[in-house]
Amino acid sequence: MSGRKRTLLKVIILGDSGVGKTSLMNQYVNKKFSNQYKATIGADFLTKEVQVDDRLVTMQLWDTAGQERFQSLGVAFYRGADCCVLVYDVNVNKTFDNLDNWREEFLIQASPSDPENFPFVVLGNKVDVDGGNSRVVSEKKAKAWSASKGNIPYFETSAKEDYNVDAAFQIIAKNALKNETEEEIYLPDTIDVNAQRPQKSSGCEC
Amino acid sequence: MNEHSITATEEQEKWLADAQNVVKQQSFYMRKALDSSNLREALKYSAQMLVELRTSKLSPQKYYELYMQTFDELRHLEAFFQEESKRGRSNADLYELVQHAGNILPRLYLLITVGSVYIRSKEAPAKDILKDLVEMSRGVQHPIRGLFLRSYLSQISKDKLPDTGSDYEGEGGTIHDAVEFVLQNFTEMNKLWVRMQHQGSAKDKADREKREKERSELRDLVGKNLLVLSQLEGVDLELYKSTVLPRVLEQVVNCKDEIAQGYLMDCIIQVFPDEYHLQTLETLLAACPQLQPKVDIKSTMAGLMERLANYAAANSQVLSVFAEVEAFEKLSTAVATVVEAQVDMPLVSAVSLHVALLNFVLRCHADRLDYVDSVLGSCVKMLAGQGKIREAKSVKAIVALLSEPLAQYGDVVTVLQLGHYGQLMATLEFETNKVMAVLVIQSILKNGTRIGDCARVEALFQLLQELIRDGEDAPPVDQLDQEDFAEEQNLVARLLHVLVNDDPEEQFKILSAARKQFGLGGPRRLVFTLPPLVVESLKLVRRLQARGEVEEGGVTPKKVFQFLHQTVEALANVPAPELAFRLYLLCAEAASDCDLEPIAYEFFTQAFILYEEDIADSKAQVTALQLMTGTLQRTVVFGTENRDTLTHKATGYSAKLLKKPDQCRAVYNCSHLFWQDQEKGTRDGERVLLCLKRALRIANAAQQQANATRGSGGPVTLFVEILNKYLYHFDKGNQQVTTTVLQGLLELISTEVNSESAVQDPATEAFYASTLKHISFQKQKGGEAGDRYEAIKVQ
Ligand SMILES: Nc1nc2c(ncn2[C@@H]2O[C@H](COP(=O)(O)OP(=O)(O)OP(=O)(O)O)[C@@H](O)[C@H]2O)c(=O)[nH]1
Ligand SMILES: [Mg+2]
């Protein structure tokens with residue numbers, strides 16, 4: 001059984017449209033960045049193998065649409081997440097203000113077993129813009145907010161200049177792994193167990 | 001209804017839970033089989049798991065949950081196939097093998113899963129496998145099942161397309177195969193999605209609503225194909241222009257489904273980059289008028305314009321491309337064409353389209369007033385023949401069209417250059433038009449705008465018509481809210497002070513233009529608008545006076561006074577006699593300052609005529625005479641004859657006031673008319689004394705009258721006041737006012753104060769006491785004043 005079992009970490013990336021969710025993922029997974037904006041439709045994931053301490057794990061990174069109208073099938077994919085990344089644009093106040101909503105919405109929809117300690121990570125993206133001159137949300141403010149929500153780790157990033165992206169995702173992987181709960185073991189109901197299990201487990205296959 | 005829907009939700013939950021349970025169960029066995037590398041068993045259980053996806057009971061969102069669960073499970077299967085492949089099993093065989101699954105839906109899911117591994121193995125060209133899969137998927141024609149199956153295909157194949165620069169390019173095919181594959185999947189998905197609309201009854205409202213809700217939930221599955229296209233490296237501008245966009249648009253237009261059209265247009269705009277839109281505007285816009293009438297094309301086009309405007313705002317260097325591709329011209333033509341093509345388009349949508357276009361211009365080409373005006377013009381043209389627009393939402397949109405330029409430029413002078421601005425404003429009915437006019441004035445006042453060009457002033461008045469006069473559309477003035485009316489007229493009045501030009505000629509033209517406009521306002525407005533006009537004209541007179549000589553035909557103080565005469569006369573005719581009286585006096589004084597005796601005399605004469613004929617209220621008369629004597633006192637232009645006539649009249653009217661105390665005060669005030677401080681002023685001590693004596697007589701009479709009516713002497717206030725006037729003139733050095741005269745008066749007052757019938761009045765007593773103190777003070781002061789006061793005795 002252990003031979004096939006790989007650790008799969010499910011990470012959800014949330015935030016307003018245009019903050020750079022897709023760009024961050026692309027930078028992290030494909031080492032690519034484009035200035036063009038292409039709205040994300042629905043949700044989709046990319047996978048990435050990472051080494052956390054001594055373990056090799058697969059991260060399933062779910063990129064989501066920030067535009068509500070492109071999220072028509074709902075957010076069923078939140079379920080089973082091991083970590084949630086909240087992204088805002090340090091140059092746009094509203095995207096920071098909305099972090100609260102994204103967090104709340106996630107906790108309601110994903111209903112993790114221990115919401116108090118569920119791992120989030122906050123990314124303040126686009127710190128490169130205009131040499132930082134057009135920034136409106138200070139690092140201090142963002143850190144204070146992150147701290148107030150249960151000491152969420154906070155990173156300042158630039159998908160464009162690949163600044164802090166790897167570091168952030170490393171922590172994301174690490175915290176997701178800490179959270180990873182043993183997948184609930186499915187036990188077929190009694191009749192099936194009786195019908196199938198004995199024959200299977202009786203013979204020693206080792 | 002509510003109860004019903006709760007049950008429906010619960011039912012959905014239950015169905016989903018049941019299905020998920022089966023998936024869990026079957027996948028458990030599938031994984032066990034995988035663990036023991038039992039391919040046949042694994043295929044069996046995975047097929048049994050996938051059978052759950054055949055359900056028709058679940059809503060799209062619930063189906064999506066189930067789909068995701070199976071999706072995750074299929075990853076285990078895929079990993080196993082991958083290993084099998086590594087171990088040397090032929091993918092072609094596997095591909096063959098899974099086709100034995102009994103049921104088509106599980107079979108296709110399995111086939112796609114194997115296909116994924118098959119492509120990766122490169123044992124066969126990617127394009128062939130993809131083509132096969134997309135063709136085979138035709139076998140599922142149930143919309144929800146088909147859409148999810150194809151979205152599985154899309155998801156699995158996304159990183160295996162023979163895209164430019166990808167691993168699968170070359171043997172696996174070219175970008176054209178990739179595009180072809182995605183386009184085909186897109187087209188098929190759209191067809192499935194559109195077909196849903198025609199299942200079930202079109203008439204049953206609840207049925208239709210449920211169907212439309214389901215369709216709306218499914219839309220992202222269809223739209224995502226467009227995102228896949230936009231993410232292909234090989235889809236460069238050329239390919240986008242020549243193939244991708246035309247093919248996508250063809251499908252959008254031909255499907256003739258309003259839900260699909262609106263949504264997919266939105267997707268195209270959002271998923272493809274700005275550069276592409278700029279270079280294909282014509283093609284994209286040409287599709288707009290071809291869409292179904294019910295499509296909310298306004299929002300779509302507004303979305304495009306907003307996106308392009310954001311693009312321009314963030315990258316100013318691309319503005320040259322905007323100009324090069326004539327973005328504005330194309331958008332503008334498209335707006336007109338859409339409005340024309342969609343005859344049933346609600347008016348508000350048509351106007352809103354113009355709002356979107358205007359916002360585009362203001363953000364990308366704020367310096368192009370001609371563009372701004374052309375948007376307004378296009379809207380005016382569209383509204384032609386509709387009369388006044390009254391529908392609330394359309395009105396709001398028109399107001400937006402008018403307010404945006406005001407807000408943007410913060411400068412009415414700029415707005416006045418927009419030829420169509422006034423015409424557009426004229427489409428608004430009375431109330432809104434007025435609101436807009438008020439907004440215009442407020443903007444001027446707030447921004448401190450100065451308008452000094454007569455043509456502009458006239459254009460401005462054109463905009464403010466509804467405030468300035470009774471329009472055809474307006475209710476009668478007396479039915480208006482009086483407070484609002486006054487507020488608006490005061491605004492118009494304040495406006496006058498910013499209509500200034502340093503050149504007196506132009507200034508006079510402006511004032512004359514204003515006069516002409518205000519003249520149309522009717523008596524109710526004139527009382528607000530003419531006084532500031534008089535004030536401004538007098539300011540002009542002062543400037544002309546400073547300027548001195550002028551060339552032939554230029555404006556002179558005389559000309560302005562003529563203008564003033566007419567203007568005040570118009571006020572007198574309203575009638576507003578007290579106001580006109582006051583303004584005549586202002587003019588008179590100004591004329592006097594200009595040394596224009598006949599003109600000053602004429603203004604005084606007009607004032608007196610008004611006084612005689614139209615000022616009847618006794619209080620008003622008192623005030624008027626105070627003003628008159630005050631003005632006359634300051635006036636030195638007159639020769640003896642004119643002066644005598646005027647002062648004679650003033651004293652005459654003073655003595656004729658209704659109440660004795662008023663008479664008394666007016667008369668002693670007249671004493672000032674004969675003793676002017678100015679260098680050229682009259683100094684006629686005798687007539688001063690005559691006035692004071694006359695006042696004293698009246699005060700006596702007043703005292704007697706009081707005795708007769710109330711049996712008491714009344715306060716001695718008047719006497720004390722007269723004493724003060726005497727002292728004033730005594731101080732001024734009027735020889736006629738002698739110490740003897742003063743002494744007599746002092747005794748008179750002392751007798752009055754001590755008489756039995758005297759009324760106690762603390763204020764008068766204090767006044768009296770301080771007057772006496774003044775005298776004592778002067779006496780003690782010594783020097784010249786002390787000498788003069790020496791002879792006066794105070795008890
Ligand atoms: N300068 C700069 N631009 C960035 C950065 N990250 C993203 N962008 C740009 O921001 C725009 C939006 O980025 P996306 O990654 O598409 O944003 P998103 O959050 O995925 O948006 P949705 O898919 O609509 O939710 C694109 O034009 C990117 O090029 C960054 O770090 N710096
Ligand atoms: Mg995105």
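Select E65(B) and R79(A) to start: in this predicted model the two form a salt bridge, with 3.0 Å between the closest N and O atoms. The elements of chain B that give two or more residues to the side touching chain A are helix 1 (2-35), helix 3 (60-86), helix 7 (143-157), helix 9 (205-231) and helix 11 (258-271). By residue class, the side of chain B that touches chain A holds 19 nonpolar, 16 charged and 10 polar residues.

Next, show all charged and polar pairings between the chains. The rule finds five salt bridges across the interface of chain B and chain A. For polar contacts, 15 residue pairs are found there, both partners having pLDDT 80 or more.

Now widen the selection to the whole interface. On chain B, 45 residues are in contact with 35 residues of chain A. Together the two chains bury about 3,500 Å², and carbon and sulfur atoms account for 50% of this. Pick out Y64(B), D220(B) and Q270(B): these supply 16% of the area chain B buries against chain A, more than any other three residues.

Finally, colour chain A by pLDDT. Its mean is 87, and 84% of the residues of chain A reach 70 or more. Then select residues 190-206 of chain A, where pLDDT stays under 50. The model has 14 contacts beyond four places in sequence for this stretch. Where pLDDT is low, predicted coordinates should not be read in detail.

Definitions and conventions:
Residues numbered from 1 in each chain as written. Chains lettered and ligands numbered in written order. Predicted model: local features only at pLDDT ≥ 70, side-chain atom pairs only at ≥ 80, totals over all residues. Heavy atoms only, no water. Contact = heavy atoms within 4.5 Å. Buried area = accessible area lost by both parts, 1.4 Å probe. Salt bridge = Lys/Arg side-chain N within 4 Å of Asp/Glu carboxyl O. Polar contact = N/O pair within 3.5 Å; in protein donor to acceptor, adjacent residues only side chain to side chain. Helix = DSSP H or I, 4+ residues; strand = E, 2+ residues; numbered from the N terminus. Nonpolar A, V, L, I, M, F, W, Y, C, P; charged D, E, K, R; others polar. pLDDT = per-residue confidence, 0-100.
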